[in-house]
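Please open the model in a viewer and keep the sequence panel at hand. The stops below may be selected in turn.

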Amino acid sequence: MIINKFILVLISLFIQLSISVYSQTDWVRWEKSDPTYQKKDTHLNRDFDLSIQSVSDVIVKPLINAYWFFVSDVDGANCPFHPSCSSFLVQSIKETNPFKGTLMFFDRFTRDTNVFGRLEHYPRYGTNHFYDPISLYTLDKEKIKIIPTNTFINE
Amino acid sequence: MSNKIFFLLVVILFPIYGQQIDIHSPKNIKKFADFLFCDKDYLRAIDEYKKYLQVVEDDTANYKIALGYSLINDQSNALQEFSSINNSSALYEQSRIEVLKSLSLSKSDSAFYLLANNLINSKSQFSNNAQRLLNTSILLNENELPDKNKFLIPFESDDKLLLGNYYDLKINPPYKSETVAGILSAIIPGSGKIYTEDYGDGITAFLLTGLFTYLAYTNFENDHQTRGWIFIALGAGFYTGNVYGSVASAQIFNAKVNFNFENGLKLFLEDKNYFTPAYDFCK
């Protein structure tokens with residue numbers, strides 16, 4: 001009888017011990033973590049690329065990179081559009097040519113200056129930007145894809 | 001003691017009795033499939049109907065499989081299943097108009113027009129539905145339209161009014177000319193954008209071009225050559241950019257006209273369920 005009790009105690013001890021040992025294998029849960037509560041903003045993902053692929057890159061890329069590094073990133077994401085006006089210039093030159101790209105940029109800058117009627121005119125990008133892609137302005141009708149203004153495009 | 005025996009009997013008899021109900025009988029499979037179908041869980045309903053059809057021949061179940069595929073927008077499977085319903089079935093006529101709907105949604109134009117004309121000429125109970133679907137598709141996809149009165153004959157009076165408006169829009173779409181927009185902006189900066197109904201952008205373009213031109217003028221007047229040329233360059237940039245933007249704005253305006261036209265007609269077709277008959281499967 002005493003031996004039986006002894007075996008029972010041994011078994012229960014073994015079970016308790018193995019459970020506690022197993023639970024301790026999940027160390028990650030208890031380790032120190034450094035959570036960040038900063039909201040991720042892909043709108044500001046900069047492509048600091050200085051590779052020269054065309055003649056216009058010699059002038060445009062250093063200028064834009066300098067503007068991003070010294071002005072825009074310090075000042076914050078103030079452009080109401082996605083892509084931002086500076087990214088719009090880079091993309092439009094890449095998509096078309098320096099002359100057409102510059103015209104597209106001046107036109108974009110005019111739209112940026114106009115603060116009226118944006119909500120009724122543009123779909124929304126993320127939480128606080130208006131979506132205004134270059135594909136609408138290349139004068140290539142095939143590339144124009146209309147997105148209704150009340151659409152929210154996720155980042 | 002007798003209580004214990006009674007309790008044991010209950011415990012033993014319940015599972016024994018439970019095993020006597022065959023939940024996989026064809027009748028129960030069909031019942032479950034019908035429940036899933038009416039619950040709009042079409043994919044699982046199709047699986048159950050297929051199980052049921054392995055044992056029983058039932059053209060309604062076959063039809064529901066096809067209808068399920070059609071409702072989840074798997075048009076190729078829907079076409080295959082609807083086509084398997086033979087002409088001795090009571091659901092054959094319905095299946096033909098459903099095939100027409102699937103062909104319309106899968107953009108199989110030549111097959112669609114062929115079947116639509118067959119259905120119209122066959123004088124079946126759904127000939128008028130086929131004619132309505134054909135006319136709406138012509139309005140949506142074709143450039144040449146039949147006479148307006150002839151076009152509107154198969155429709156009901158409410159739809160006649162709506163489709164009459166769409167017909168007029170197709171014949172005379174309210175497009176804006178890209179050339180006019182560009183020329184207007186070249187004459188008065190921003191006026192091209194006002195023409196394309198981008199009023200805010202038009203006024204802004206006028207103010208920006210005017211401001212930089214004025215700044216250039218006053219700087220040259222006061223002999224500030226460098227500043228004058230900088231403002232001239234900026235003014236010229238905004239001016240040419242606006243002429244370019246006005247042409248782009250006219251293109252976007254026209255694309256929006258097309259988008260609203262197509263979207264409106266597609267919503268009309270969805271609202272009418274592509275002129276397919278209403279079913280009482282779930283009543």
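Residues are numbered from 1 along each chain as its sequence is written, and chains are lettered from A and ligands numbered from 1 in the order in which they are written. This is a predicted model: local features need pLDDT of at least 70, side-chain atom pairs count only at pLDDT 80 or more, and totals for chains, interfaces and linings use all residues.

Helix α1 (residues 2–18) of chain B has the lowest confidence in the chain, with a mean of 73, and helix α11 (residues 178–187) of chain B the highest, at 97.

Along its principal axes, the C-alpha trace of chain B spans about 120 × 65 × 30 Å.

Finally, select helix α5 (residues 75–83) and helix α6 (residues 92–105) of chain B. Their axes come within 9 Å and cross at roughly 160°; axes are lines fitted to C-alpha atoms, for helices over the stretch in contact, and angles run from 0 to 180 degrees between N-to-C directions. The residues making the contact (C-beta atoms, placed from the backbone, within 7 Å) include B:L79 and B:F82 of α5(B) and B:V99 and B:L105 of α6(B).

Conventions. pLDDT = per-residue confidence, 0-100. Helix = DSSP H or I, 4+ residues; strand = E, 2+ residues; numbered from the N terminus. Contact = placed C-beta atoms within 7 Å.
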